[in-house]
Amino acid sequence: MKYVLTLLLGLLLGVLSGLSLIYFNPLIQGQGEHALGDGWVLEYQLAASETWLSTHDERVEIPVVPNSAQLLWEDGIRGAWLAAMPLEGGSETAPAAATRISLPSSDTNFLNAGVVVEDYWLISVAGTGTLLVHGFNNRWPLLRDTVVSVDLLRRNFVGPATYDATQGPEDGHAVVSGITGAYQASHGRAHERVSLETYDGSLGSASGQLIIALDDDSD
């Protein structure tokens, strides 16, 4: 019996050590040092009143918007999140809007990458054109501070908090490609920043910024 208890204790300590390594691992805490200092800032809100559409496959307990929105039940898009929202900062006379799809990435690795999500933004600026933004974001710091700490460990959320999570696919930045209008054939970089004021099981107080820097030689 003594050897069994020793074995069980060793396994328990091993599991706890592994979970601690994942929770505090500095290698997967985000890539804020790569954030763009200057650029065109597009802001959005995650509150239901500020979002046209938000749906997913119900793996997370985030309400869909509107309430009648269909869940993403197809096997081919399991784990995806689809959203459509207005953006502020496009222009005083030209409103901007975005559709966004986020997909789990095969690059997710708790030892050195975190929870990686692949994002595709289609940004439309009225009377100007459209841009495609493709990025990889590490969502682990946000999930650790909310779902893990608050929902699972029953701790209080320590906020407000800001997360600079973009880590690729190009030198720590998302890639921007012009599609139509004045942006056609343009290219550049982007970085997403998410700010969270409070958390009580809902991301309703979250806001975000998508910072875009188009190259000077873009046509």
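The model is predicted, so local features need pLDDT of at least 70 and side-chain atom pairs count only at pLDDT 80 or more, while totals for chains, interfaces and linings use all residues. Residues are numbered from 1 along each chain as its sequence is written, and side-chain values use heavy atoms, without hydrogens and water.

The protein chain contains 2 helices and 11 strands. Both kinds of element are DSSP runs, numbered from the N terminus: helices are H or I with at least four residues, and strands are E with at least two. From the N terminus on, their order is α-β-β-β-β-β-β-α-β-β-β-β-β. Of the 219 residues, 40% count as buried. Buried means under 20% relative accessible area, exposed means over 50%, and partly exposed lies in between (1.4 Å probe, protein chains only).

The largest nonpolar core has 21 residues. A nonpolar core is a set of buried Ala, Val, Leu, Ile, Met, Phe, Trp, Tyr and Cys residues joined through side-chain atoms within 4.5 Å. Leu-87, Trp-121, Ile-123, Val-133 and Ile-212 touch the most other members. At least two residues of this core come from each of β1 (40-45), β3, β4 (96-104), β5 (116-125), β6 (129-138), β9 (174-181), β10 (187-196) and β11 (206-214). A second, separate core has 8 residues, among them Leu-142, Phe-157, Ala-161 and Tyr-163.

Neighbours within four places in sequence aside, the contacts of Trp-121 include Tyr-44, Met-85, Ala-98, Arg-100, Leu-132, Val-133 and Leu-210. The structure holds 2 aromatic pairs. In one of them, Tyr-44 and Trp-121 are tilted, at 5.6 Å centre to centre and 55° between the planes. Tyr-44 lies in β1 and Trp-121 in β5, so this pair ties together parts that are 77 residues apart in sequence. Rings of Phe, Tyr and Trp (its six-membered ring) pair if their centres lie within 6.5 Å; planes under 30 degrees apart are stacked, over 60 edge-to-face, and the rest tilted. Tyr-44 and Trp-121 are both buried.

Rolling a probe the size of a water molecule over the atoms shows where empty space is left. On a 1 Å grid over the protein atoms alone, a cavity is a set of points where a 1.4 Å probe fits but cannot get out; lining residues have an atom within 4 Å of a point. Points are joined across faces, edges and corners, and a volume is the space filled by probe spheres set on them. There are 2 cavities of 30 Å³ or more.

The largest cavity has a volume of about 50 Å³. Its lining includes Asp-119, Trp-121, Val-133, His-191 and Glu-192. β5, β6 and β10 each supply at least two lining residues, and β6 gives the most, with 3. By class, this lining has 4 nonpolar, 4 polar and 2 charged residues. Ala, Val, Leu, Ile, Met, Phe, Trp, Tyr, Cys and Pro count as nonpolar, Asp, Glu, Lys and Arg as charged, and the others, Gly among them, as polar.

The second largest cavity has a volume of about 30 Å³. Asn-138, Arg-139, Pro-141, Leu-142, Tyr-163, Ala-165 and Val-194 line it. They divide into 5 nonpolar, 1 polar and 1 charged.

Asp-75 sits in the loop between β2 (53-56) and β3 (81-87). Asp-75 counts as exposed because its relative accessibility is 70%. Its C-alpha atom is 9.6 Å from that of Asp-57, 18 residues apart along the chain.

How values were computed:
Contact means heavy atoms within 4.5 Å. On a 1 Å grid over the protein atoms alone, a cavity is a set of points where a 1.4 Å probe fits but cannot get out, and a pocket is an open set with protein on both sides within 12 Å along at least five of seven lines; lining residues have an atom within 4 Å of a point.
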